[in-house]
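The sequence and the structure come first, and the description follows.

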Amino acid sequence: MRTTSPTTTRRFFATPVRRVGGQRVYSESDLQWLHLCTRLRASGMTLPAIREYAALVREGTQTVRARHSLLRRHRERITDQIQELHRCLDLVSHKVTMYEEHLAGERGDPLWTGTCLPEEQHPPLG
């Protein structure tokens, strides 16, 4: 067992965790649950959704379908976020390349060239 006392971890446990010498003591199972909850939170899941998931887990195996559905919806949101981040990365990478070409003397002023999009991302005209 390990001990820790971060305030933010308390919200993920329905029951108080055992204390030793004034510090909370977490079992390996507790730490695995905490890891899952913190990864869900880091991936953008809201605290109410994490609480809902935790409540479903506590209700037992009759909630497996509901848990599966909740996690599938969250996975879809993550996938959408990743796709948007890839579009952002493409744009930033394009601008970095423009600046590198400018610094190497191969291109004019990269501050504004009439477009901020790579050629393949230009919106259709009309």
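## Helices and their packing

Helix α3 has 40 residues and reaches 57 Å from its first C-alpha to its last, close to the 58 Å expected at 1.5 Å a residue. The expected span is 1.5 Å times one less than the number of residues in the helix. Helices here are DSSP runs (H or I, at least four residues), as are strands (E, at least two), and both are numbered from the N terminus.

This is a predicted model, in which local features need pLDDT of at least 70 and side-chain atom pairs count only at pLDDT 80 or more, while totals for chains, interfaces and linings use all residues. Residues are numbered from 1 along each chain as its sequence is written, and side-chain values use heavy atoms, with hydrogens and water left out.

The protein contains 3 helices and 3 strands, and along the sequence they follow the pattern β-β-β-α-α-α. Of its 126 residues, 22% count as buried. Buried means under 20% relative accessible area, exposed means over 50%, and partly exposed lies in between, with a 1.4 Å probe and protein chains only. Among the contacts with a separation of 6 or more, 31% are between residues 24 or more positions apart; a contact means heavy atoms within 4.5 Å.

| Helix | Buried residues |
|---|---|
| α1 | Leu31, Trp33, Leu34, Cys37 and Leu40 |
| α2 | Leu47, Ala49, Ile50, Tyr53, Ala54 and Leu56 |
| α3 | Arg67, Leu70, His74, His94, Lys95 and Met98 |

**α1 against α2.** Helix α2 has 13 residues and reaches 18 Å between its first and last C-alpha, close to the expected 18 Å. The axes of α1 (residues 28-42) and α2 come within 10 Å and cross at roughly 145 degrees. Axes are lines fitted to C-alpha atoms, for helices over the stretch in contact, and angles run from 0 to 180 degrees between N-to-C directions. The contact is made by Trp33, Leu36, Cys37, Leu40 and Arg41 of α1 and by Leu47, Ile50, Tyr53, Ala54 and Val57 of α2. By class, this contact of α1 with α2 has 9 nonpolar, no polar and 1 charged residues. In this count Ala, Val, Leu, Ile, Met, Phe, Trp, Tyr, Cys and Pro are nonpolar, Asp, Glu, Lys and Arg are charged, and the others, Gly among them, are polar.

Leu47 is found in α2, which covers residues 47-59. With a relative accessible area of 19%, Leu47 is buried. Leu47 and Cys37 are 10 residues apart in sequence, and their C-alpha atoms are 9.3 Å apart in space.

**The nonpolar core.** Which residues form the largest nonpolar core? There are 11 of them: Trp33, Cys37, Leu40, Met45, Leu47, Ala49, Ile50, Tyr53, Ala54, Leu56 and Leu70. α1 and α2 each supply at least two residues of this core, and the largest share, 6 residues, comes from α2. A nonpolar core is a set of buried Ala, Val, Leu, Ile, Met, Phe, Trp, Tyr and Cys residues joined through side-chain atoms within 4.5 Å.

The buried residues of α2 pack against α1 and α3. What covers the buried residues of α3, in turn, includes α1 and α2. His74 lies in α3, which covers residues 64-103. His74 counts as buried because its relative accessible area is 4%. Leaving out residues up to four places away in sequence, His74 touches Leu40, Ser43, Gly44 and Met45. Arg77 also has its place in α3, but at 42% relative accessibility Arg77 counts as partly exposed.

**After the helices.** Each helix is followed by a glycine with a positive phi: α1 by Gly44, near 105 degrees, α2 by Gly60, about 105 degrees, and α3 by Gly105, about 80 degrees.
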